[in-house]
Structures are given as C-alpha cells and as structure tokens.
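Subject: Structure handover

Hi,

Here is the structure I said I would pass on. My notes on it follow below.

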Amino acid sequence: MGERQAFAADVGRVLDLVIHSLYTHREIFLRELISNASDACDKLRYESLSRPELLGERPDFEIRIVADKDKGTLTIADDGIGMTPDEMAANLGTVARSGTAQFLETLSGDAKADSQLIGKFGVGFYAAFMVADEVAVFSKKAGVDSTWVWRSDGRTGFTLDETDAHVERGTAVVLKLKDDAKEFLEAGRIKDLIRTYSDHVAFPIRLGEPGEAPGAQTGEPEQINTASALWRRPKSEITDEQYTEFYHHSAHAFDPPLTRLHFSVEGVLTYTGLLFVPSMAPFDLYDPHRRHGVKLYVRRVFITDHLDDLLPRYLRFVSGVVDSDDLQLNVSRETLQKNAIVAKMRQGLVKRVLDELERIAKLPTEEGSPDYLAFWEAFGAVLKEGMYEDGANRERLTKLARFRSTHGDGWTSLEDYAARMKPGQDAILTISGDNVEALKGSPQLEQAKAKGVEVLLLTDAIDDFWLPVSDGFDGKPFKSLTRDAVDLSQIEGGTTDEAEAPVDDPTLDRLLARMKLTLQDAVKDVRRSKRLTESAVCLVADEGGFDLRFERFLKQHKQLDALAGRILEVNPTHPLIRAMAEAPDHEAERVEELARLLLDQARVVEGEPLPDPGAFSRRMGRLLQASLQPSGTAP
Ligand code: ADP
Ligand code: MG
C-alpha cells in the first residue's frame, strides 16, 4: 500500500462545506463525475488529432455507469485522457482552481449563506464524498502503460498505488456508497438523474451490469442520454432545464443563468454558439487569472477552453461553447492566437452579448424577468473595463452603464441623468471616491447640491481609467467636481447668492498669497472656489492632472512619491475665511496656523492620512485652548 498523503489544508474545508451545504442536493455528485468523464474524453479526442495512436483499437468514446448491488459500489468510467499518479495527487488531492482558498476565507459559518456562495464555484470531484465512505479512482494515462489507483475516505488524506486491475483506457471512479445512499444503485434512479442532469453530454452514457475490471460492463448496456452536442440541436428540442444543466456543466456554476444566447451564423463564417451570462458573480471574478468560460469546438470536437482571444477580458463572466466550421480540425492551440477567423468570431460574439444586455436592460422589472440592475451590481465594474479598453464599443457600453448619483438611492442610466439635467447645464458631473455615503458629504458637491444639479457618485477604481478616455454621453462631456473647473453660474435656481462674493477682492487675494507662502509645496496653489457654499476649504486636482482619487491610487501603488498636484480651494464667503482675510498684521502667525489646520481638515474630508498627525494635533490643541480663553489674550 502506498504511503498515506495528507490533503492540502483547504481540501478538508471544501469537503466539510460541500457535505454540509449541499447535502440536500447530494445527487449532484453524479453529474459532477459524469462532467469530469466528459471533459476527459474531450481532452483525449483533441490529443488524438495529432497522435491517433493514443486511441489504440477503440476510436469511439463512451461513459460507463455500473451499479454493483452485491458490493454496494457505483462506478463511473470513461475512455478519456486518464491521469498519471502525479496528476491524481495534484488534481484530486488539492484545491486546484486558483482563488478557491481565498474565497473560502470569506465564507461565514451560516449554512444558508454558504449554500448561496457555493453557487459561485463548482465543487466537482469532492461531491463524491457526499454519498461515498470511500472513493477509489483507477486511472491509466493515455500513452502510458501502467495503471494507478488513488484511494481516499475524503477525510484523512489519500493513498496512491500501482495496480494490476485492468483499465483499457481512461479512468474509473468507484464509489463505496454510504448506507443511506444505496438508492443510487437503483437503475431507475440512475437513469432519472442522467436524463435530468447529464443529457447534454455529447458522449453516450451507458448503464450496464458489472464486469470483472473496474468500470467494465457485461451484457447489453443501455444508452441513457441523447449523446449529441446540445448546441447543435434545434432550439425547439431543448428545454430550459437542459440549457440550465448545460450552463452548470460548462461554467462550473450552480446559479440560474441570467440569460442565454443560442445562435447559428452562416455566411462569411459559419459557427454555432451557445453562451450564458451568469446571474451571480463567480468568486474569482477579479482574480487576474480568471478567464472567460467559452470553450472552442471545431465541428463538434473540443479544441480548447483557454483561448483568451475569443472574448475580451471585460466579458470574462460569459461561458458556453463556440463551434466553428471554418477552423481546421488539426489547428494547433498556438496558431489560434492572432487568428483572423477567431478575431472575426470575437467581434460577432461581443456584438451578440451586448445586444442581449441591451435587450435585458430595457425589460420592465417584473417577477421572473431577468434583473438588469442586479446584473449590473454584480458585473458592472467588469463591464466598465470595456469602456476603457474597447474603443469600438465604448459608446454602447456607456449606454449600458448604471450609476449611483445624488438623485435618490438607486441606479441611474445616463439617459435618465440627461433627462434630469438643468437648463444651462452643459456637462455630466461626477465625483469619485471610495463609497457612496462619504461622497454624498463631499464639500466639492456643495454648490451643485445648492443648485439642485445631479452628480454621479463613482466608486469603482476602474472609473479613473475610463473617464479620461470617454467621449461623454450624447454630446455632453463628463466633468469631475474634484478636478475640473465647473461653472454652474449659468444654472438657474438654488440657494446660493453669487453676488455676495465680489470678483475684485484684494483682501482675499492677500490671504490667498499668504496661505500659499505658508503651505509651500504641500499644495500646488491656493485659490478661490466657486464650488463651496458651506465648507471653508476643499482640495481639488489640477485641471489636466490626475484626479484626486487616482493620484492617491498611484501613490498607494508607489507610482508617485507624493500627493503634490493638488490645489486648495477657499470659500470666499465663509466667515472663517473672511476673518482670516481681515486679520491685522500682528496676527499673521495665527492665520498661518489656521491655514495649516484647514489643509489638514481638507485632507481628512478626502479620507487621506495626514502627513504629520502629531503637528496637526498640537495645533488643534492650541486652538481649542485659545477658544476657552477670554478674547484678546490668545497666544
Ligand atoms: P473541475 O472539473 O472543475 O476541473 P473537479 O474537482 O471536478 O474540477 O476535477 C478536478 C480535476 O481532476 C479535473 O480538472 C481533472 O484534471 C481531474 N479529473 C477529474 N476526473 C477526471 C477523469 N475522469 N479523467 C481525467 N481527469 C479527471
Ligand atoms: Mg469537474
């Protein structure tokens, strides 16, 4: 017997989670194992295109199900690619999919919430332990002579041994069923499950009597599924349930899809596509290794699920199948990169997905119809990447985008925003920061608020990337309230009284010059503000420079040494500013002290760390102390 090896640390937790959260759906183990068998057949079929000898005497593929009532075992066997012992240790004994471990960190103990979350990733092979006390995986890697067996109880680890058991090709997974799982030995139950969950599998799934070797069948096995590529069947012959099961299989997901696109293209190119948009964000949506889940087939033969060029990164939540009639069957995966046919298909696929999202965005919100806003909530930040990188579709994506704004608590489209613009308003106003609530209290919004002008509240890091390249919406540019000079004086109404602040104001100019001298390099300039009505000061970015949040982002990522390009804006009508402007010369020191405090205050409002918190607190202390002393005796 081979030495017992421990599972990687996460595996125990995945198993626990699976067994507890999915227990009521434990019959899914069968579709997971059949799905793996089907993937393995796909892989060998592809390999055999260049190495036909791998198939030996048997050019065909099948998946065999064997229920052995005497032994209490259920076996799922395939003619696929097989695994070497190293591969079994790596694939069956660790949590392979990147990000799974981090994802698990986010899971709460609440079983209900967990079963929601588990919808975000396929549990795969481990599902076997919901029904089995012991699992033995016999496998013979294509092109290799030896057969190995991996055994585990799903708790304490696994063993690996070479075996004499005869496996002609591929893998046989033998489940020693738990006492309360013997129902899965009944032919009726097995057939039902296959028809419900696995009918879309493109290889024949046959149920037969146990033979000698693991996974071998005797008698006349019965084919249970339709065994034709689902995407090649006419739509009218496919039920919603079959589509959904196919989605679960292809996306490794459990959620109901938001929508599906099933189409055939004929003309310059001929291809069939079956694509799904999920309703729930997969756990690894922001993992840099995350790729789209669309598999490429050529005339029903699986080629690859790794073709990045097939869809842009910002559609990495889409999954499904594209089956081309134009590509050569023996196309190598390498030549698929930068391939003209692939590039054309990509264009077509992007167009279809965006068409569909536009259709859904227009649907009335009612029970049972796809919920576009929920979709946007989950995937909006990813689609916005397209507003940055996909110039050709930027306009369409901009229309699809939804935003938080100062108008109510929900999402708004730019179309709706435009309809609410005030007469005389010539730009779409934005402000960016880390969260909606904090943004609503920003001093830079004050004038817009007073005028009743709506402002978009941007909280996705990606906003700082697409905004500078955007052409605006419907002829109206975006303007940032923390950067651009925004003139709202043309707009009627509101409660501000511009007449109060004289344009020519030498006392104020003197104060600004003095503040500039005091603050030196901490800011680029000190100038009068038009955007403040309540606060004394605020920070803004230099027009043409980086916006405030983006500058902080760059500094955080060590792309900038200091936050230097900013301007301190001063509210000319604020009582404190007036008092500072009119202070006699012998109070110069106090004015300078206040100037430093005001800058720190503006930083705090921005959520920035203070460069010298000690100095801030000493100044604050002196100021508080002075406020308690009778006037005239201040230091
Ligand atoms: P997934 O199918 O999502 O990759 P699984 O947990 O279902 O995750 O399977 C893990 C890995 O184990 C697979 O990616 C594959 O490499 C390997 N594997 C599982 N079953 C088989 C099989 N029947 N034949 C070959 N490889 C298999
Ligand atoms: Mg799987």
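Q520 sits between α16 (506–519) and β19, in the loop that links them. Please keep in mind throughout that this is a predicted model. Q520 has a phi near 45°, which is positive although the residue is not glycine. Most residues other than glycine have a negative phi. Q520 counts as exposed because its relative accessibility is 53%, and the cut-off for exposed is over 50%.

H252 also has a positive phi, near 55°, and again the residue is not glycine. Its place is the loop between α7 (240–251) and β9 (259–265). H252 is partly exposed, with 32% relative accessible area. That value is computed with protein chains only. Keep H252 in mind for the ligand, where it is among the residues that come nearest.

Ligand 1

The shell around ligand 1 holds 11 residues, and N36, D78, N91, F125 and H252 come nearest. By type, the shell divides into four nonpolar, five polar and two charged residues. The polar distances are as follows:

- D78: a polar side-chain atom lies 2.9 Å from a nitrogen atom of ligand 1.
- N91: an N or O atom of the side chain is 3.1 Å from an oxygen atom of the ligand.
- T171: an N or O atom of the side chain is 3.4 Å from a nitrogen atom of the ligand.

On its own, ligand 1 has 530 Å² of accessible area, and the protein covers 82% of that. Two or more residues of the shell come from each of α2 (28–50) and α3 (85–92).

What does the side chain of S529 reach? It reaches the backbone nitrogen of R531, at 3.0 Å. S529 itself lies in the loop between β19 (525–528) and β20 (537–541). A second polar contact, of 2.7 Å, joins its side chain to that of E569. Setting aside neighbours within four places in sequence, S529 is in contact with E569, V570, N571 and P572. S529 counts as buried because its relative accessible area is 6%, and buried means under 20%.

L185

L185 is in the loop between β6 (170–177) and α6 (187–197). It is buried, with a relative accessible area of 6%. Which residues does L185 contact, leaving aside its neighbours within four places in sequence? They are A67, D68, K69, G72, T73, L74, L177 and I190. V66 is 119 residues away from L185 along the chain, yet their C-alpha atoms are separated by 8.6 Å.

Helix α9

Helix α9 covers residues 340–362, which is 23 residues. From first C-alpha to last it reaches 34 Å, close to the 33 Å expected at 1.5 Å a residue. At its start, a side-chain oxygen of N339 comes to within 2.7 Å of the backbone nitrogen of I341. The buried residues of α9 are V342, M345, G348, L349, V350, V353, L354, E356, L357 and I360. An α-helix has 3.6 residues a turn, so residues three or four places apart point the same way.

Best wishes

How values were computed:
Residues numbered from 1 in each chain as written. Chains lettered and ligands numbered in written order. Predicted model: local features only at pLDDT ≥ 70, side-chain atom pairs only at ≥ 80, totals over all residues. Heavy atoms only, no water. Helix = DSSP H or I, 4+ residues; strand = E, 2+ residues; numbered from the N terminus. Expected span 1.5 Å × (residues − 1). Buried < 20%, exposed > 50% of the residue type's maximum accessible area, 1.4 Å probe, protein only. Polar contact = N/O pair within 3.5 Å; in protein donor to acceptor, adjacent residues only side chain to side chain. Near = heavy atom within 4 Å. Areas by Shrake-Rupley, 256 points an atom, 1.4 Å probe, with all protein chains shown as cover. Nonpolar A, V, L, I, M, F, W, Y, C, P; charged D, E, K, R; others polar. Contact = heavy atoms within 4.5 Å.
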